[in-house]
Amino acid sequence: MTVAAGAWVDDPFAEAVRDGRGPLWLRGEDGHRIPLDVERWCAPAAGADHGLLERCRRLTAPVVDLGCGPGRLVAALLELGVPALGVDITGAAVDRTRRLGGPALCRSVFDRLPAEGRWGGALLADGNLGIGGDPGLLLRRGAELLAPGGVLLVEVDPREIDERITVRVEGYDGRLGPPFAWARCGAAATARRAERAGLAETERWSALGRRFLAFRRAARPR
């Protein structure tokens, strides 16, 4: 997210992550609310997560989880013997990931990260393709982080949507966090942007209402 890290100390998202429960929403400028599944994010990996984890297990390690949130995927990868690192701008999310035993950095995915160009895999799950409000830029960033032949696993919107919006996190009590740019993309829009980022689509799958795409980094990204 493009908001400074300090803004995510006492906002509703940080509070929900510390408590492990919602409800929580993204509120658009027009008042429309997008629910955030914070309880699932704070619970152990389950359901459709297992498809992501199994694909990570097949990769050349290690894996970086971009926007790791409370760290369930990082923790699950480590349990499978896959070296993993979480990255998130929210301190409460990083703290929770570390309490689960997972290494995590409190910084933007666009900041300098360890082992750039050497990751075997990268994750953009739980709507994190929206980070920064520019999916094309984020996919290019993912390609930069991967080693040649590395794989980016992306969760996309189940609908064929392609929008950029300004939102704020809204807590159960109506309190709002700072505004930030966000995006939502379905499979078609994501695939178009990924191709321009030097990523070749290798797989699509759906599970329990969630939809995913896999992309492999070309030897010479564009």
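This is a predicted model: local features need pLDDT of at least 70, side-chain atom pairs count only at pLDDT 80 or more; totals for chains, interfaces and linings use all residues.

Me: How many residues line the second largest pocket, and which lie nearest its centre?
Reply: There are 13 lining residues, and those nearest the centre are Pro44, Ala45, Arg72, Ala75 and Glu79. The space in this second largest pocket comes to about 200 Å³. Sorted by class, its lining has nine nonpolar residues, one polar residue and three charged residues.

Me: How is empty space in a model found in the first place?
Reply: The general idea is that a probe the size of a water molecule is rolled over the atoms, and this shows where empty space is left. In this model, the largest pocket holds about 850 Å³ of space. Its lining is made up of 40 residues, and Leu36, Trp41, Asp126, Gly127 and Asn128 are the ones that lie nearest its centre.

Me: Which elements give two or more residues to the lining of the largest pocket, and which one gives the most?
Reply: The elements that give two or more are the strands β2 (33-35), β4 (84-88), β7 (146-156), β9 (180-185) and β11 (210-217), together with the helix α2 (38-42). Strand β9 gives the most, with four residues. If you sort the lining of the largest pocket by class, you find 20 nonpolar, eight polar and twelve charged residues.

Me: How many cavities of 30 Å³ or more does a search of the whole structure find?
Reply: The search finds two. The largest cavity has about 90 Å³ of space, and among the residues that line it are Pro12, Glu15, Ala16 and Asp19, as well as Tyr172, Asp173 and Arg175. By class, the lining of this largest cavity has five nonpolar, two polar and five charged residues.

Me: What lines the second largest cavity?
Reply: The lining consists of Asp65, Gly67, Cys68, Gly71, Arg72, Leu73, Ala125, Asp126 and Asn128. About 40 Å³ of space lies in this second largest cavity, and its lining divides into three nonpolar, three polar and three charged residues.

Me: How many bridges join β1 to β8, and how many join β8 to β9?
Reply: Strand β1 (residues 25-28) is joined to β8 by four bridges, and the two run antiparallel. One place to look is Trp25, whose bridge partner in β8 is Glu170. Strand β8 (residues 162-170) pairs with β9 over six bridges, also in the antiparallel sense. Here you can look at Val167, whose bridge partner in β9 is Phe180, and at Arg164, whose bridge partner in β9 is Ala183.

Me: What numbers describe two packed helices?
Reply: In general, two packed helices are described by the angle between their axes and the distance between the axes. In this model, helix α1 (residues 12-19) packs with helix α5 (residues 91-99) at an angle of about 20°, and their axes are 8 Å apart. Angles under 35 degrees count as roughly parallel, so α1 is roughly parallel to α5. The crossing of these two helices, α1 and α5, is left-handed.

Me: How do the axes of α6 and α7 lie?
Reply: The axes of helix α6 (residues 135-145) and helix α7 (residues 187-196) cross at roughly 50° and come within 9 Å. The helices α6 and α7 are therefore oblique to each other. As for the hand of the crossing, α6 passes α7 in a right-handed one.

Definitions and conventions: Residues are numbered from 1 along each chain as its sequence is written. Side-chain values use heavy atoms; hydrogens and water are left out. On a 1 Å grid over the protein atoms alone, a cavity is a set of points where a 1.4 Å probe fits but cannot get out, and a pocket is an open set with protein on both sides within 12 Å along at least five of seven lines; lining residues have an atom within 4 Å of a point. Grid points are joined across faces, edges and corners, and a volume is the space filled by probe spheres set on the points. Ala, Val, Leu, Ile, Met, Phe, Trp, Tyr, Cys and Pro count as nonpolar, Asp, Glu, Lys and Arg as charged, and the others, Gly among them, as polar. Two strands pair if DSSP finds at least two bridges between them. Axes are lines fitted to C-alpha atoms, for helices over the stretch in contact, and angles run from 0 to 180 degrees between N-to-C directions. Angles under 35 degrees count as roughly parallel, over 145 as roughly antiparallel, 65 to 115 as roughly perpendicular and the rest as oblique. A crossing is left-handed if the near helix is turned anticlockwise from the far one by less than a right angle, and right-handed if clockwise.
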